Amino acid sequence: MAPRPGTCDGVLLLDKPAGYSSTQALARAKRFLGAAKAGHTGTLDPFATGLLPLVFGEATKFSRFLIDARKTYDAVLALGLETTSGDPEGEVVARREVAVDEKQVDAVLARFVGPQQQVPPMHSAVHVNGRRLYEYARAGEAVERAPREIEIDSIRRLSLHGTQLAICVACSKGTYIRSLAMDIGRALGCGASLTALRRTSVGPFRLEDAWTLEAVERDPERARAALQPPETLVAALPRLDTAGPEAQRFAHGQPIPGDGLAEGVDVAVFGPEGRFLGVGEGAAGGRVAPLRLMARNEPGCP
């Protein structure tokens, strides 16, 4: 029996299984933990597996600060096979002969490192004219898609066995590995699509620290104890330590001195004994205005 819903604050690193949407995986974990409020920090397609940080309680206030985090993926490409969606969920539209070796693959992969423009795939959640692209795709409609700026930090071959190419990719937010796979296939002259995708890191979080849904279900108390505190979501932000009256003012929603912080810059604010108070934003006059505040200061699910 699932625990009765209650207060639950923190971040659960989930190893999402294949066959679940991110929303379905979240709902199941939320039920096991007995959490009243929950969200996730970016989606994984149903066929994909790997790291999906889930946020509960107070941590939901800070999930957006993980949106810009860099991510890494392990992906398997089927060379010579193209599908409508660029992944296993689409229909096969082309099969081609494959005649590439490791040297050719490595040379092509090297060309994709760095800043670049990428066109979002039709089977994606990007909004165009008030509708998501996958809604157009399901209706058999193709629409013009504006390219978006992304950056590939690194990409390397893990293995090449026949027509199966395994790669590891480190990239910026907004990168579609499906689109990257199709582009790599075109550059190799044979076409390609994804057959498997596994996310291995998101910002400071690593897959080796993640829980499976089965493990959460078996031992929800231990999973609650393993929740990472909300401040891990803002680890990439500048840090401002405060004490005494300044900490109290900030915690009560009042601006405090910003220690030279530029206007519009977000900062993680901590009080005495390293207690996380919330996130502020640089304001006029060298002040820091509260942006998101913690209502409670200890992680966990009582």
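**The whole chain**

Start zoomed out: there are 7 helices and 18 strands here, taken as DSSP runs (H or I, at least four residues, for helices; E, at least two, for strands) and numbered from the N terminus. This is a predicted model, where local features need pLDDT of at least 70, side-chain atom pairs count only at pLDDT 80 or more, and totals for chains, interfaces and linings use all residues. Residues are numbered from 1 along each chain as its sequence is written, and side-chain values use heavy atoms, with hydrogens and water left out.

Of the 302 residues, 48% count as buried, meaning under 20% relative accessible area with a 1.4 Å probe, protein chains only.

**Helix H1**

Now select residues 22–33, which make up helix H1.

Which residues of H1 are buried? Colour Ser-22, Ala-25, Leu-26, Arg-28, Ala-29, Phe-32 and Leu-33. They sit on the same side of H1, because they cover an arc of only 165 degrees around the axis, judged by the directions from the helix axis to the C-beta atoms.

Next, show what covers them: strands E1 (10–16), E2 (38–40) and E3 (49–56), plus helices H5 (213–218) and H6 (220–225), are included. Contact here means heavy atoms within 4.5 Å. Just past H1, click Gly-34, with its positive phi of about 70 degrees.

**Arg-224**

Finish in helix H6 at Arg-224, which counts as buried because its relative accessibility is 7%.

Definitions and conventions
The expected span of a helix is 1.5 Å times one less than its number of residues. Buried means under 20% relative accessible area, exposed over 50%, partly exposed in between (1.4 Å probe, protein chains only).
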